[in-house]
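Open the model in your viewer and have the selection tool ready. The stops below follow the chain from a turn to its neighbours.

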Amino acid sequence: CSGATSNTSLPIKVIVDAVIKANFSAQITSGCAPFNLNQLVNGTNNITVAADPNIKTYTWYADNNVINTSSNPAFPNYSLSADGQSVTIKLTVTNALGCEDSKSITFNTINKVTAGFTMADTSPNPSGAQTYQFTNTSAPANAATYQWDFGNGATSTAASPPDHVFAADETNGIDKVYTVKLPATNNCSVNSASQQITVYPS
């Protein structure tokens, strides 16, 4: 090569934007229908969002359907109206350069309990003291507490109580009627079932 040489440099401005995070939380994620996801819990809204001046837009989704887009970080409110429903709430945040971040939380409603039971007489004789076997058919089975009342002063809090003996009225020689009750309770409801047992004297 021949001739004069020279070096030229030009300044290049590189903009590195701050990292943004979709930062929201919920105090409770399950509730009784109707469940307002943003109800007051301990005096504050259930869903809280950490505001960030570097975030330009907050977009909220319910099961991937947009329910609100705003520069305001506040949750726009959403409710579940029936038992056994669920929804995934997602927040996507965007900065001025179009960078995004997302976070999701799933909410659900608690099914109300329906009490129920079946019973079977396992005694070898049709009269005299009778032994009964009880099967708890309440639903949902594992989401409730139980308070069996066998009508003879005996009780049980077991979901499936052991076999129970019902005495006959041999003194007076009359039929003895017992009313067996099963109240079932969960966070959203109380329900009760009952059946009668007649024990004949020997």
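Select the hairpin formed by E10 and E11, with five residues between the two strands. Gly-98 sits in the turn, and its phi is positive, about 90°. This is a predicted model, so read each stop as such.

E10 covers residues 86–94, and E11 covers residues 100–109. They run antiparallel, joined by nine bridges. For one of the pairings, pick Val-93: its bridge partner in E11 is Asp-101.

Zoom in on Thr-59, which stands opposite Thr-92 of E10.

Stay on E10 and select Thr-94. Is Thr-94 buried or exposed? Its relative accessibility is 15%, and the cut-off for buried is under 20%, so Thr-94 counts as buried. Show its contacts, leaving out residues up to four places away in sequence. Thr-94 then touches Ile-20, Ile-55, Lys-56, Thr-57, Cys-99 and Glu-100.

Last stop: Asn-125. Look in the loop between strand E12 (117–121) and strand E13 (130–136). Asn-125 is partly exposed, with a relative accessible area of 48%. Now draw a distance from the C-alpha of Asn-125 to the C-alpha of Gln-27. The two residues are 57 Å apart in space and 98 residues apart in sequence.

Methods: Residues numbered from 1 in each chain as written. Predicted model: local features only at pLDDT ≥ 70, side-chain atom pairs only at ≥ 80, totals over all residues. Heavy atoms only, no water. Helix = DSSP H or I, 4+ residues; strand = E, 2+ residues; numbered from the N terminus. Buried < 20%, exposed > 50% of the residue type's maximum accessible area, 1.4 Å probe, protein only. Contact = heavy atoms within 4.5 Å. Pairing = 2+ DSSP bridges.
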